[in-house]
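Visitor: I would like to go through this model by question and answer. Please keep to what can be computed from the atoms.

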Amino acid sequence: MPLPRTRGKALRQRLAELRGPDVPAKALDARALAALAANPGCRRRAILDGAGVNKAALASALGSPSVFGQSQFAFTRGNAFEAKVKADGGAELLRLVHEKLDRRAEPPAEAQVPDLSASGPEGRAARTTLALREATAAAGSWTLLDHPMLALDVAGSPAFLEPDAVVVHPDGSWTVVEIKSFPMLDGSADPAKVGAAARQAAVYVLALEEVAARLDPAPEVRHRILLVCPKDFSNLPTASAVDVRKQRAVTSRQLARLTRIEDIADALPEGTCFSPELPAAELTSAVESVPATYAPECLSACELAFHCRDRSRAVGAVTSLGRSVRAELGGLTTVEEVLSSARGDSGDPDDPAVAALRRAAHLRAEALAPLGQEITPCH
């Protein structure tokens, strides 16, 4: 549910103070939301993304610059490919939608491409909602929405999202289209990249469902999205239908688990600011005032990952070893606790994790004994 107007205004003012004076907000896009949903326990990322803080600039100011992000070459290549796919009123794009997702409909001989321009993200989101309503009511025709603007409530704060395209089918249903510059070789693409695209598209599906729920009757938001990529080593577009129901369910559940951004902001010390212009010591103190939940997966999804990894290692947190290891260790939260339990110096022997560690240490000692090596439970 959106915040009341007065509370929403107060929250926006508070988040602007956290960014710093005259620092423009960095838009929270679907890629960032998908990464945030993958680690909902990280309050640090939640407040920084909610406040629109530029985490890349923040990481550089903290002395741990990020290498996360898309190269300028890849960005330019992607824009050129997207323009090719959408040329001639999106004729090729609509042909691929018809071929891969809706063969029973009439071929898209022509389609409506409404103008979605408006002032500000709120205006564009309202214009997109109107265009979707009109296109759904005009049954029997195809409509292509080029870079529509969608709004999604995230932990009590609105996020404005811009998918590559949304297609309204003749039956009134809606499909998200993702256009990527990585190739499909012999009809298949890199599974990791397809998975990332599916998680990103699932965020758009959730946002579209919020729009659809406000219409009467509510149109169907299709859970099979169209992924468009270059074919083999050419610049010709090809496409594949990707079912994102699993990603949608996981993302919805994880976003619902996020602590409300206003609650995190209220818990911060008075005067906290994350402006990269602050002195390093003051900025570090501000960042450390918000707890983080680091995992190795953050290295491919968050600009602050190097900083958080260094801090996690410094305190010996077992989360730096991976979520699967952390889950197996139960109440043991530091590497020192793990080693001490394995040596028998501490820990409840009835704890399954402690018992497993001591058993492993005993087996290791038995294995090393015939070799004449110094026997110690752990290094």
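Visitor: Is the crossing of α14 and α15 left-handed or right-handed?

Guide: This is a predicted model, in which local features need pLDDT of at least 70 and side-chain atom pairs count only at pLDDT 80 or more, while totals for chains, interfaces and linings use all residues. Residues are numbered from 1 along each chain as its sequence is written, and side-chain values use heavy atoms, with hydrogens and water left out. A crossing is left-handed if the near helix is turned anticlockwise from the far one by less than a right angle, and right-handed if clockwise. For α14 and α15 the crossing is right-handed.

Visitor: At roughly what angle do the axes of helix α14 and helix α15 cross?

Guide: Helices (H or I, at least four residues) and strands (E, at least two) are DSSP runs, numbered from the N terminus. Axes are lines fitted to C-alpha atoms, for helices over the stretch in contact (heavy atoms within 4.5 Å), and angles run from 0 to 180 degrees between N-to-C directions. The axes of α14 (residues 335-343) and α15 (residues 352-368) come within 7 Å, and they cross at roughly 65°.

Visitor: Which residues of α15 make the contact with α14?

Guide: On the α14 side the contact is made by Val 338, Ser 341 and Ala 342. From α15 come Val 354, Leu 357, Arg 358 and Ala 361.

Visitor: How many salt bridges are there?

Guide: A salt bridge is a side-chain nitrogen of Lys or Arg within 4 Å of a carboxyl oxygen of Asp or Glu. One of them joins Lys 180 and Glu 178, at 3.3 Å from N to O. By this rule the count is 20.

Visitor: Is Asp 146 buried, exposed or partly exposed?

Guide: Buried means under 20% relative accessible area, exposed over 50%, and partly exposed in between (1.4 Å probe, protein chains only). Lys 86 is buried at 13%, and Glu 82 is buried at 10%. Asp 146 has a relative accessible area of 35%, so this residue is partly exposed.
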